[in-house]
Amino acid sequence: MPDKNSTTAEKLGSLRQQFNTIGVDGFLIPRADEHQGEYVADYANRMSWISGFTGSAGTAIVLRDKAVVMTDGRYLIQVKNEVDAGSFDTENSRKVSAGRWIADHAGQDSIIGYDPKLHTPNQIKAIEKEVESKGITLKALDHNLVDMIWDDQPAPPKGAVELFPEKYAGMSAADKKRLVVDALRHEGAQGMAISLPDSVCWLLNIRGSDVDCNPVVLSNLLIDAENDALSLFVDPDKIAPDVRAALANDVTFLKPDELQGKLEDMAQAATKNGKPVLLDHARSSIWFKNILEGAGASVADLKDPCIDPRSTKTAAEQTAVRDAHITDGIAMVKFLHWLDGLTPQSGESEISVAQKLADFRQQGPGYRGPSFATIAGFAGNGAIVHYHATPANYKDIDQSGLLLVDSGGQYDNGTTDITRTVAIGEPSAEMKESFTQVLRGHIALASAKFPAGTTGAEIDMLARQFLRSAVPSKDYDHGTGHGVGCYLSVHEEAAGISKAGRNALQTGMLLSNEPGYYKKDEYGIRIESLVLVRDDGVCPDTDTLMHCFETVTFAPISKKLIDVTMLSSSEKQWLNEYHAQVYQNISPALDADQQRWLKDSTAPIL
């Protein structure tokens, strides 16, 4: 049986041996778990184990004589560096879909197996549509083929469940329950199954530690709208008596192995009452649909009703987020002060820099850990958008170049995500030009005023305009902004700014503002701060409610990398006002030397 020391070829060989036993010609291996969250616990990181690719998004497809790892633009350089080219091809998933690849490479009438707990109904439907012309069929398997050969697979986590204080949440679990149950009743539904970890945690005001960097509880929630009841299916070892007592009036705790039976009971009740059972076909596994329909239920598609309300932060959450960012800003300023003293002769590396930042964050009150693995990319590694240094693959900071540091913290009262790019030694004129173009895009977005109902796609170009106006092909292959949770996942849905951002930005949404530029093998630039959507009065000409952004991240932007001659007077004013806020909020917590450095780093530019 293969283990962590086995080669990729050995793992693929063992997996393909299972094909004959099971009666399939291929197998799908997504980077997903049973709950469809973005991040997975070690036991569920099957794609990484089989392929070696460690990115946070992707799918491996293994056929009898060919295999591929597919991922998006953030990871295209990384995936080529990490996988064994003799075993796996690589593809850009934004250009070639999984179904298209299977149709192009699998034989006529092939059978492709998949684990129904790891794929959504929409995903399976999309693949089936693209392969049907070749007679290829997808087969839901009772057991995951990777699990059958993974000899030293970690056990599922048992992180303790804790309560998230209402003083931060701003809304009780009972009130959230009423909000969601009313939404399901409005749809005329018997109930709904919800599996997204951050949705479950938001609804019940709980947090956990089952997934690295994400304070979530791996569990499933069944909402019985007909009987106004919630059932949480979770390992009982995770639930302390105080948590059980606090939620006793809002939820019934059941064991995970009771889920199928309760789904079948709901299906029977729904059939009797002539009502559908709801399931988010884009965010819940097809396993739920199969169980419910197998028990006679009519299953209707409805977006997870927790997604939109948790994306719009309550007043209490907004206050908590601001406080968390001041705490994080203190750590970041101390780190940037230390970083400013580095030279190519300092003996530091990407790994030591990331550790130094972690040390500063650990000094802050309420710090619980990183919100994701720190990206510290020096020189060419900075051009790998989601690069992660490891003991086996990292750069020493031993020459002049740009250092991109993208990091974040989880605090009792909030989640942070910040990127700052600094020069080690003297930056080139080209670096300063590109940095200033990125900065101008960052400022344009941060200072934007827009009518209510505006989508992320409609303002995405604000951040890209100065790159593209210089060179039409100059751009970045990632979104400009993503939603962020409140002591939850660092990536949240609903809120987003990108070419594909179709959701309207709403008051209280917390998003990132992170344009960048990446020159392959040379350097990467990104400037990222978090912003809250706020009301900005009514436009007198149109009588339309207007929105604006409030930047809540507080850390200086490197003036050393700015070509001041490229900035307009209004851009200089924005930067000076932002830096004044940084100094005002952060300087009281610094020592005299750090204060002097921050005063100089935030001094107005003329």
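## Charges over rings

Arginine 244 lies over the face of phenylalanine 253, at 5.0 Å from the ring centre. For lysine 599, the charged end sits over the ring of tyrosine 583, 5.2 Å from its centre. To count, NZ of Lys or CZ of Arg must be within 6 Å of the ring centre and within 35 degrees of the ring normal.

This is a predicted model, where local features need pLDDT of at least 70 and side-chain atom pairs count only at pLDDT 80 or more, while totals for chains, interfaces and linings use all residues. Residues are numbered from 1 along each chain as its sequence is written, and side-chain values use heavy atoms, leaving out hydrogens and water.

## Nonpolar cores

Let's head inside. A nonpolar core is a set of buried Ala, Val, Leu, Ile, Met, Phe, Trp, Tyr and Cys residues joined through side-chain atoms within 4.5 Å; buried means under 20% relative accessible area (1.4 Å probe, protein chains only). The largest core has 57 residues, and those touching the most other members are Phe335, Leu336, Leu339, Val353, Leu403, Leu439 and Ile586. A second, separate core of 40 residues includes Tyr39, Ala44, Met192 and Phe253.

## Aromatic pairs

How many aromatic pairs does the structure hold? There are ten. Rings of Phe, Tyr and Trp (its six-membered ring) pair if their centres lie within 6.5 Å; planes under 30 degrees apart count as stacked, over 60 as edge-to-face and the rest as tilted.

Phenylalanine 164 and tyrosine 487 make a tilted pair, 6.2 Å centre to centre with 40° between the planes. Phenylalanine 164 is buried at 4% relative accessible area, and tyrosine 487 is buried at 4% too. Ring pairs also link Phe164, Tyr168 and Tyr487 into a cluster.

Terms used:
Buried < 20%, exposed > 50% of the residue type's maximum accessible area, 1.4 Å probe, protein only.
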